[in-house]
Amino acid sequence: MRLGRIASPDGVAFVSIEGEGESATAKEIAEHPFGNPTFTGRSWPLADVRILAPILATKVIAVGRNYAAHAAESGNEVPDEPMIFLKPNTSIVGPGAPIVIPPTTSLVHHEAELAVVIGRPCKDVPAAKAPEAILGYTIANDVSARDHQRKDGQWGRAKGHDTFCPLGPWIETDIDPSDLEISAEVDGQIRQRSRTSKMVHDIPKLIEWISGVMTLLPGDVILTGTPEGVGPIEPGNTVSITVEGIGTLTNPVVAKGS
């Protein structure tokens, strides 16, 4: 099932997205998509609605240096344990929404990532039971102001600006995430291309480790790290991130105030 969130003439709703291309439809889900969702009976052609970020997470937990080649290109060692940091939920935007570059930074990078969406409250989850805690998977761009990152020595500001966490276009619930191609293009030029099988710490291990630190709630999002090839984005660019079996997340880049 593809679970999404849309804005229609009737308001904002969670939906199940069915069909492909011009014939795709969005079927409204009553209340929320967790557990066994029920449907209201209303639906819209997908072309007639605006696709929003599929979830507004309580928290976004991101994993740093989870691909060895990316750690190497940044001049860093691969950590023995997952390295995590938080992005505020106010950084989340959906497909087509602009990534807004603030005037305080002059070096912003894209980071293509597979994102995990949590489906139920959980704490201290063994890796073997991690799939039971997952609602599905979506695509993320962990936008990062490198000059802020280097100056501050920690990543809260660099990763936390409004619009620095594009998510979407939907949540795919029926997919094996262990070996998917992931890529990023800027203005049609490939920047990143790798596979999720190259993660240092796989998704079950990440959920076990993170849930040992903090309680995970329905809708929380885990960004699983980015492969090598990160690079600068500037106002006027368009960034597209594709994950095999899910789709493509595309966002324009603008300067704040433009």
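**Close-up views of a predicted chain**

View 1. Helices (H or I, at least four residues) and strands (E, at least two) are DSSP runs, numbered from the N terminus. This is a predicted model, in which local features need pLDDT of at least 70 and side-chain atom pairs count only at pLDDT 80 or more, while totals for chains, interfaces and linings use all residues. Residues are numbered from 1 along each chain as its sequence is written, and side-chain values use heavy atoms, with hydrogens and water left out. Along the principal axes, the C-alpha atoms fill a box of roughly 55 × 45 × 25 Å. A compact globule of 258 residues would have a radius of gyration near 18 Å; the chain has 17 Å, which agrees. That radius is taken over C-alpha atoms, and the globule rule is 2.2 Å times the number of residues to the power 0.38.

**View 2. Inside and surface of the chain.** Of the 258 residues, 52% count as buried. Buried means under 20% relative accessible area, exposed over 50%, and partly exposed in between (1.4 Å probe, protein chains only). Among contacts with a separation of 6 or more, 71% join residues 24 or more positions apart. Contact means heavy atoms within 4.5 Å.

**View 3. Ile-222 in the largest nonpolar core.** A nonpolar core is a set of buried Ala, Val, Leu, Ile, Met, Phe, Trp, Tyr and Cys residues joined through side-chain atoms within 4.5 Å. The largest one has 51 residues, and Ile-207 and Ile-222 touch the most other members. Beyond residues up to four places away in sequence, the contacts of Ile-222 include Ile-61, Val-63, Leu-114, Ile-207 and Leu-216. Apart from this core lies another, of 21 residues, among them Val-117, Ala-140 and Cys-165. In soluble globular proteins, nonpolar side chains tend to be buried together.

**View 4. His-70 in helix α1.** The helix spans residues 68-73. His-70 counts as buried, because its relative accessibility is 7%. Leaving aside neighbours within four places in sequence, His-70 is in contact with Glu-111, Arg-146, Thr-226, Pro-227, Glu-228 and Val-230.

**View 5. Ser-16 in strand β2.** The strand covers residues 11-18. Ser-16 is buried, with a relative accessible area of 2%. Residues up to four places away in sequence aside, Ser-16 touches Met-1, Arg-2, Thr-25, Ala-26, Lys-27, Ile-29 and Phe-39.

**View 6. Ile-241 in strand β19.** This strand runs over residues 238-243. Ile-241 counts as buried, at 1% relative accessibility. Not counting residues up to four places away in sequence, Ile-241 touches residues including Glu-111, Ile-139, Ala-140, Ser-183 and Leu-249. Asp-162 is 79 residues from Ile-241 in sequence and 19 Å from Ile-241 in space, C-alpha to C-alpha.

**View 7. Thr-105 in a loop.** The loop lies between β9 (99-101) and β10 (108-110). Thr-105 is buried, with a relative accessible area of 10%. Setting aside residues up to four places away in sequence, Thr-105 touches Ala-145, Asp-147 and His-148. Thr-105 and Ile-92 are 13 residues apart in sequence and 19 Å apart in space, C-alpha to C-alpha.
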